[in-house]
Amino acid sequence: MPRPDHRYPALLLAAAIGSVAGAAAVFGGGLLWRWRQATPDPDAEGEDPGARGLPGTPPGAAALERGFEPADMKAATLARSTAVLFLVAIVSLGLMIGMLKAFSHQRSLVPGPSRQQQAVIVPPRPHLEADPRQDYTRAMHAMDQAVGSWRWIDVAHTRARVPVQRGMALSLGRSLDDRP
């Protein structure tokens, strides 16, 4: 009876750590981007008066016309959302590990295959095909020879078998109907 693989908990833990690290990177990058964003100076020449600026800066009229949101998302809301997602991931991983342990115990109760299930099946005699692959290759070769050769079909020599390539060349450009 094969033993269950014990690498799964380590893989699940690595996936959980990776997802938490990815969420933290996205969250931290968003906060850093907001913190580093330049605040527009209304007196400066060449500055876009509709630029958004830091979260404490209200949007300009041009920014509202372009469709920017008038309110910023609060960092506390984002932190709570991240915490809830992390909690859901931890609970899911815990349930998955518990189910794997419970089912691995059930797997050990299943008996192994019987002698009849392990026996090699031999077809009854007579064994007409000593080498089925060679027989198949011979049959395909005979079929290719028949398709690619000329031959009379009837004894009176009124109908002939034409090779496929020659038949396609003869029928090219002609209608298959009897009508002229």
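A residue counts as buried under 20% relative accessible area, as exposed over 50%, and as partly exposed in between. In this predicted model, valine 164 has a relative accessible area of 41% and is therefore partly exposed. The chain as a whole comprises six helices and two strands, and of its 180 residues 6% count as buried.

**Overall architecture and confidence**

- Among contacts between residues at least 6 apart in sequence, 26% join residues at least 24 apart.
- The accessible surface of the chain comes to about 15800 Å², and carbon and sulfur atoms account for 64% of that area.
- The average pLDDT of the chain is 76, with 73% of the residues scoring at least 70; confidence is lowest in helix 1 (residues 8-36), where the mean is 72, and highest in helix 5, where it reaches 90.

**The nonpolar surface patch**

- Met143, Val147, Val164 and Met168 together make a nonpolar surface patch of about 340 Å².
- The elements that contribute two or more residues to this nonpolar patch are helix 5 (132-147) and helix 6 (164-171).

- Side chains of opposite charge can pair when their charged atoms come close.
- The count for this model comes to one salt bridge, formed between aspartate 135 and arginine 138, whose closest N and O atoms are 3.2 Å apart.
- Both partners, aspartate 135 and arginine 138, lie in helix 5, where they are three residues apart, or about one turn of the helix.
- Aspartate 135 has a relative accessibility of 24%, and so this residue counts as partly exposed.

- Most residues other than glycine have a negative phi.
- Histidine 157 has a phi near 60 degrees, which is a positive value in a residue other than glycine.

Note on methods:
Residues are numbered from 1 along each chain as its sequence is written. This is a predicted model: local features need pLDDT of at least 70, side-chain atom pairs count only at pLDDT 80 or more; totals for chains, interfaces and linings use all residues. Side-chain values use heavy atoms; hydrogens and water are left out. Patches are made of residues with over 30% relative accessible area and no salt bridge: like charges are joined within 9 Å, nonpolar side chains (Val, Leu, Ile, Met, Phe, Trp, Tyr) within 5 Å. Accessible areas come from the Shrake-Rupley method with a 1.4 Å probe; for residues, only the protein chains shown count as cover. A salt bridge is a side-chain nitrogen of Lys or Arg within 4 Å of a carboxyl oxygen of Asp or Glu. Helices (H or I, at least four residues) and strands (E, at least two) are DSSP runs, numbered from the N terminus. Buried means under 20% relative accessible area, exposed over 50%, partly exposed in between (1.4 Å probe, protein chains only). pLDDT is the predictor's confidence in each residue, from 0 to 100. Contact means heavy atoms within 4.5 Å.
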